[in-house]
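Thank you all for coming. Please take a moment to look at the model, and then I will walk through a helix and a few ring pairs.

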Amino acid sequence: MDFPMFRPAPALLLALVAAMALPACKTGTGGTKKVVTEEVNQADPGPSYRNGLATLKAGEGGGKTDYEAALRHFEEAVQIAETNGSPTARYYYNAAWTAERLGQDSKAEGWYRKALGVDAGMGQASQNLAYLYIRNGRAAEAADLFRQALERDPNSLTIKNNYAAALGEAGQYDQAVSTVHQILAQDAENVQAYKTLSRIYFLQGNHKMSRLASGDALKKNDKDADVHNNIALTFLKEGNEGAAVEEFKKAIELDAGNVEANLNLGFLALDSGDYQLAGKCFNTVIGVDPGSTDAHIGLAVAYRGNQSFDEAVAEYDRVLAVDPKNKTALLNKAIVQNNFLDDQKSADKTLADFERFYPSDPALAEVKAKIDRRKSEKDEAARMQAEMERLEKERAERYTAQSALATKRIGTASAMLEKYRTLVPDESFNEVLQQYIDGVKDALEVEDLDYLTEAVAYLDEFVRDQYVPGEFGATIGEYDGTAPTAPTPQPTDPAAGTTGGDEGGAADPAAATPSEGAAGGDTATGTEAGAGGSGDGSAPAGDAAPAANDGGGTNGDAPPQQQ
């Protein structure tokens with residue numbers, strides 16, 4: 001987007017006891033003052049016209065100007081005047097000026113032309129119409145208007161300066177520079193002429209001369225905000241963005257409501273992602289010039305950057321209410337509706353409006369492609385989300401089942417640990433089982449399916465492969481709940497001739513193998529010499545000796561394998 005430079009604000013017609021001597025475009029942030037209006041008289045446009053003036057004047061002193069209400073009054077005055085055959089140039093002019101404030105350029109142009117039709121020498125109407133032309137890319141027509149005005153008043157340096165500015169906008173640089181030099185030959189202190197010269201050189205691409213002309217203007221008046229704005233633009237074209245920003249800020253410091261400086265700084269803020277500053281600048285412009293399309297679109301982009309998507313759409317709608325064919329507003333509105341508000345129906349409607357106005361515009365296909373791609377991405381994201389939810393549900397169900405199994409395994413393994421603790425020949429073996437049990441408990445606290453599944457698997461493997469080969473009386477059915485729990489084994493009773501074997505039956509003394517070197521000729525219970533005996537190598541009187549960790553085992557069996 002091109003950055004605007006200085007453009008004098010349209011002059012407001014002074015009429016009816018200087019009732020219009022208020023700031024040309026100012027609006028405040030306060031509330032709207034109450035307007036006392038006269039009763040409409042269909043035979044006299046005067047009351048309606050004065051009502052329009054009073055409505056505009058209510059915006060003075062920080063109040064909010066209700067341009068829409070003022071325009072209704074002026075339009076009413078024009079209608080009554082035309083009906084009664086008494087139209088005046090000032091009725092048309094003020095209606096045009098107010099319509100321009102609202103961005104209704106087409107309507108404003110028509111009324112400016114009617115004002116000039118009534119009074120061809122009305123300078124304000126001619127000037128404002130020319131600026132309207134320039135703003136809408138019709139600079140040659142603007143130059144022709146100023147040329148005609150200059151013919152009527154050849155000594156007016158103001159008209160001559162405006163003529164030079166229009167020539168520059170139309171690309172007629174040599175004639176434009178020559179015209180400015182004519183002004184400076186008559187008035188070497190003319191600051192406005194230096195500003196116009198700076199603008200012409202800028203448009204021509206001669207940035208060095210543009211800066212020199214701005215420097216000359218600063219020498220005449222270093223408090224001119226427009227000059228600082230122009231210098232900033234030159235810096236920007238030269239790639240010195242930091243210096244440009246400082247000059248824009250200087251311009252705003254000198255004139256807080258400077259439209260061009262606020263627009264330019266706002267656009268730079270958008271580019272750098274400073275949406276708060278951008279919003280502030282564009283709101284300032286709208287306060288001064290409510291019909292500024294650039295300001296409303298810039299503010300919409302700032303709202304989008306701040307995630308205020310509904311407000312962004314509202315700004316685009318304000319532009320479209322005045323200009324339903326505005327390409328930028330239509331396309332950006334569709335993008336916000338589709339990509340950020342997830343409102344594809346509204347986005348399709350907005351694009352249908354665009355297509356109706358610009359059926360062959362390449363931007364349409366590009367935006368449609370983006371929206372279709374966005375829809376495909378959304379569909380894929382929805383599919384993936386559904387799949388993730390299905391997997392999560394499945395995983396949750398698996399975890400619930402695994403958690404129940406783990407709790408059960410902890411219970412049965414812990415019971416087996418206690419039940420067979422005294423029968424396991426090595427306490428460290430029991431410690432390993434306890435570690436596996438504790439591992440499952442830890443996994444339950446973590447609530448991780450994979451961890452829990454792995455912990456249960458380790459416990460299962462240890463119990464199945466190491467703990468229940470059968471020699472302790474434990475069974476796998478006892479562990480996994482597929483068989484009744486076996487009775488708790490009893491310790492060996494020597495008096496009854498029992499052993500701690502699998503069956504628990506009586507031992508046959510005649511079949512017992514005597515220990516080699518057993519003291520006193522007593523019959524041993526299968527323990528080897530020195531196994532748990534006293535100092536003479538015999539087993540202590542009373543209970544049978546427990547199996548030792550030196551290779552002996554109950555009933556002569558090998559001890560369980562340790563892991």
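I will begin with helix H8, whose buried residues pack against helix H7 (157-169) and helix H9 (191-204); buried means under 20% relative accessible area, exposed over 50%, and partly exposed in between, with a 1.4 Å probe and protein chains only, while contact means heavy atoms within 4.5 Å. Helices are DSSP runs of H or I, at least four residues, numbered from the N terminus. This is a predicted model, in which local features need pLDDT of at least 70 and side-chain atom pairs count only at pLDDT 80 or more, whereas totals for chains, interfaces and linings use all residues. Residues are numbered from 1 along each chain as its sequence is written, and side-chain values use heavy atoms, leaving out hydrogens and water.

Which residues of H8 are buried? They are Ala 176, Val 177, Thr 179, Val 180, Ile 183 and Leu 184, and, seen down the axis of H8, they fall within an arc of 160 degrees, taken from the directions from the helix axis to the C-beta atoms, so they line one face of the helix. The face turned away from that buried side carries the exposed residues Asp 174, Ala 185 and Gln 186.

Turning to the rings, the structure holds 11 aromatic pairs, where rings of Phe, Tyr and Trp (its six-membered ring) pair if their centres lie within 6.5 Å, and planes under 30 degrees apart count as stacked, over 60 as edge-to-face and the rest as tilted. Tyr 131 and Phe 146 form an edge-to-face pair, 6.0 Å centre to centre with 65 degrees between the planes. Tyr 131 lies in helix H5 and Phe 146 in helix H6, so this pair ties together parts that are 15 residues apart in sequence. Both Tyr 131 and Phe 146 are buried.

How values were computed. Helix = DSSP H or I, 4+ residues; strand = E, 2+ residues; numbered from the N terminus.
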